[in-house]
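The sequence and the structure come first.

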Amino acid sequence: MTHSIVLYSNPISDCAARVRLALNLKNLAYKTVNIDLANQRNLDSEYVQINPSGTVPALVIYKSGVKGSVPDESTPRIILTQSIAAIEYLEEVFSDSRRLLPPLDSPLRRAHVRTLVEIISSDTHPLTSPRVSRFIQEKFREPFSPGNDDVGFGMLVKEWDKHWIIRGLTVYEKTLTSSEVVGRFSAGDEVTLADIVLVPTLWTAEEFGVDLDDYPRIVGIYGEMMKIEEVRLARQKGKGFE
Ligand SMILES: N[C@@H](CCC(=O)N[C@@H](CS)C(=O)NCC(=O)O)C(=O)O
């Protein structure tokens, strides 16, 4: 299939990093358009037309090969605005590339992968996304931080994010240790979607100063993942939590 892929992304976004990891591991070429989350350019009407939720990533696949930068809107394209759906689409359409889900005849491993994915993507990450922190700041800064102590309140919000990351990793670790699925990675000896979702959370956890020693299975998987060049290349500099 001739195609051209554009990833709307941001260096601090865990969800965009998931798609970057999948594209790299599948060896699919793509262009990146950075959307400035810090200045809320994700809410610009131009971007909201692409992704109505105003979040990154958005994965746009143009059906014909395109030269140069981002093609114009008249070029036939599909737009995928949820990271997991986008990765599963890549998995189904680019089926000759590296597989990221266990085969259909391994239903238990597939369910295990999706369980781990949801621990992070449904139960952890949404609580830490910028729109949640922003809402907390806007609504509760004054009552909880008289005199608008931005620094103090900012630390409180950071603690909030850290709390949910620690909780998510604790559940992930317990799920790994109680499962009969074993291996170097989260669901056996091959990289899966679960590892792809886990790793950006660990990048963020490190930046929040979370002590990973409490999660020996996760640390082992992280070490294996970081041996893979395509994974290392997906880590972007300047995630900017310091
Ligand atoms: N469920 C979505 C979540 C996307 C999401 O929340 N992305 C974050 C960055 S990781 C974002 O763009 N947040 C912008 C905001 O919260 O204002 C997905 O998996 O793609």
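## Model and naming

The model is predicted. Its pLDDT averages 91 over the protein, and 91% of the residues score at least 70. Residues 238-242 stay under 50 in pLDDT. For this stretch the model has 15 contacts beyond four places in sequence.

## The sheet

The sheet is open and is formed by four strands, in the order S2-S1-S3-S4, with mixed pairing. At its edges are strand S2 (31-34) and strand S4 (77-80), each of which pairs on one side only. From one strand to the next, the twist averages 20°.

Strand S1 (residues 4-9) and strand S3 (residues 58-62) are paired in the antiparallel sense, over five bridges. Val6 stands opposite Val60 of S3. In general, strands of a sheet pair through backbone hydrogen bonds, in either a parallel or an antiparallel sense.

## Helices on the sheet

Helix H1 (residues 14-25) lies across S1 and S3 and runs at about 155° to S1. Helix H3 (residues 83-93) also packs on the sheet, where it touches S3 and S4. The direction of H3 makes about 30° with that of S3.

## The largest pocket

The volume of the largest pocket is about 1,100 Å³. It is lined by 43 residues, and those closest to its centre are Leu37, Thr128, Ser129, Pro130 and Arg131.

Several helices supply at least two residues each to this lining: H1, H3, helix H4 (107-121), helix H5 (130-144), helix H6 (150-178) and helix H7 (193-207). By residue type, the lining of the largest pocket divides into 15 nonpolar, 20 polar and eight charged residues.

## The second largest pocket

The second largest pocket holds about 260 Å³ of space. Of its 17 lining residues, Tyr8, Ile35, Glu46, Tyr47 and Ile50 are the closest to the centre.

S2 and helix H2 (45-50) each supply at least two residues of this lining. Which element gives the largest share of the lining of the second largest pocket? That share, four residues, comes from H2. The lining of the second largest pocket is made up of eight nonpolar, two polar and seven charged residues.

## Backbone exceptions

Most residues other than glycine have a negative phi, and most peptide bonds are trans. Two places in this model depart from those patterns, as follows.

The peptide bond that joins Val56 and Pro57 is cis, with omega about 10°.

Asn27 has a phi near 60°, which is a positive value in a residue other than glycine. Asn27 is placed in the loop between H1 and S2.

Key
Residues numbered from 1 in each chain as written. Predicted model: local features only at pLDDT ≥ 70, side-chain atom pairs only at ≥ 80, totals over all residues. Heavy atoms only, no water. pLDDT = per-residue confidence, 0-100. Contact = heavy atoms within 4.5 Å. Pairing = 2+ DSSP bridges. Axes fitted to C-alpha atoms, helices over the stretch in contact; angles between N-to-C directions. 1 Å grid on protein atoms, 1.4 Å probe; cavity = no way out; pocket = protein on both sides within 12 Å on 5 of 7 lines; lining within 4 Å. Points joined across faces, edges and corners; volume = space filled by probe spheres on them. Nonpolar A, V, L, I, M, F, W, Y, C, P; charged D, E, K, R; others polar.
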